[in-house]
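User: Could you walk me through this one? I'd like to start with what counts as a contact.

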Amino acid sequence: MKFGILSDIHGNLEALEVVLKEIKKEDCNEIIFLGDIVGYGANPNECIELLRQERIVGVAGNHDYAVLNKTSIENFNPYAKEAILWTKEVLTKESLWYLDAFLLINKSYPFHIVHSSPDDPTDWYYLFTIEDIIPQFNFFSYPVCLVGHTHIPFVVAKKKDGKIEVIKKNKFELNPDWQYIINVGSVGQPRDQNPKASFAIYDTKTNIFEIRRIDYDIKTAAEKIIRANLPPILAERLFYGQ
Ligand SMILES: [Fe+2]
């Protein structure tokens, strides 16, 4: 099976359209989403509609849960909070129904998927450092665990002897005897100083995994954020991948 994997779209329609077009060229059997359709960007309804049309399923993120009042926005930064309040205002009831169907855990795939961390998907813990990541290998049994949430792609492997290796390549063959935790990066708001949209292609037959980056129309996405009266920093940061 060949999977296209998306995370952290955040209402960025321009990025989502380009990524979906690219994934379609790959003839994927299924497209999986790792959470955060909404928040920050100006097109949450349009992004939800596109996921619905393409029958993309997966798990919910903290921003999706926030607009449904399923998680508190107390710890969100002021810009994220403002964007959640704006998103709640503009979401249609159909969009809310769609978001409500996403759960935090989905065991329909031959790999583990979660938005934040496998130890407790409800606490929205961020896996930034290798110290954050290593203990997480104790909380899933599949060979691969896919995450989003930090908007920063990474690949960390645990070898058969327990040793940890950080994989620096964007495209690599998975070792069937190792376990992996992979962050696929963010479609709509990358934060690794690379403004290109990030997504992944995972072929479970060949065992080849690729994190791919692609240009999209950042200017249009940013202008929409300004026109929607969302915090201007949410537009500016797209140009820098921050
Ligand atoms: Fe996110």
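Analyst: Contact means heavy atoms within 4.5 Å. This is a predicted model, in which local features need pLDDT of at least 70 and side-chain atom pairs count only at pLDDT 80 or more, while totals for chains, interfaces and linings use all residues. Residues are numbered from 1 along each chain as its sequence is written, and side-chain values use heavy atoms, with hydrogens and water left out.

User: OK, so what does Ser-117 touch?

Analyst: Leaving aside residues up to four places away in sequence, Ser-117 touches Asp-123, Tyr-125, Leu-127 and Gln-136. Ser-117 sits in the loop between strand E4 (112-113) and helix H6 (130-133); helices (H or I, at least four residues) and strands (E, at least two) are DSSP runs, numbered from the N terminus.

User: Is Ser-117 buried or exposed?

Analyst: Ser-117 is buried, with a relative accessible area of 0%; buried means under 20% relative accessible area, exposed over 50%, and partly exposed in between, using a 1.4 Å probe and protein chains only.

User: And which side chain does the Ser-117 side chain make a polar contact with?

Analyst: The partner is the side chain of Asp-119, at 2.7 Å. A polar contact is a pair of N or O atoms within 3.5 Å; within protein, one must be able to donate a hydrogen and the other to accept it, and residues adjacent in sequence count only if both atoms are side-chain atoms.

User: Switching topic, where is Ala-60 found?

Analyst: Ala-60 is found in the loop between strand E3 (57-58) and helix H3 (62-67), and it is buried, with a relative accessible area of 1%. Not counting residues up to four places away in sequence, its contacts include Gly-35, Phe-102, Leu-103 and Trp-124. Ala-60 and Leu-103 are 43 residues apart in sequence, yet 5.5 Å apart in space, C-alpha to C-alpha.

User: How many aromatic pairs are there?

Analyst: A search of the whole structure finds 13 aromatic pairs, where rings of Phe, Tyr and Trp (its six-membered ring) pair if their centres lie within 6.5 Å, and planes under 30 degrees apart count as stacked, over 60 as edge-to-face and the rest as tilted. One of them, Phe-33 with Phe-102, is edge-to-face, at 6.2 Å centre to centre and 90 degrees between the planes.

User: Where in the chain are Phe-33 and Phe-102?

Analyst: Phe-33 is in strand E2 and Phe-102 in the loop between H5 and E4, 69 residues apart, so the pair links distant parts of the chain. Phe-33 is buried at 0% relative accessible area, and Phe-102 also counts as buried, at 6%.
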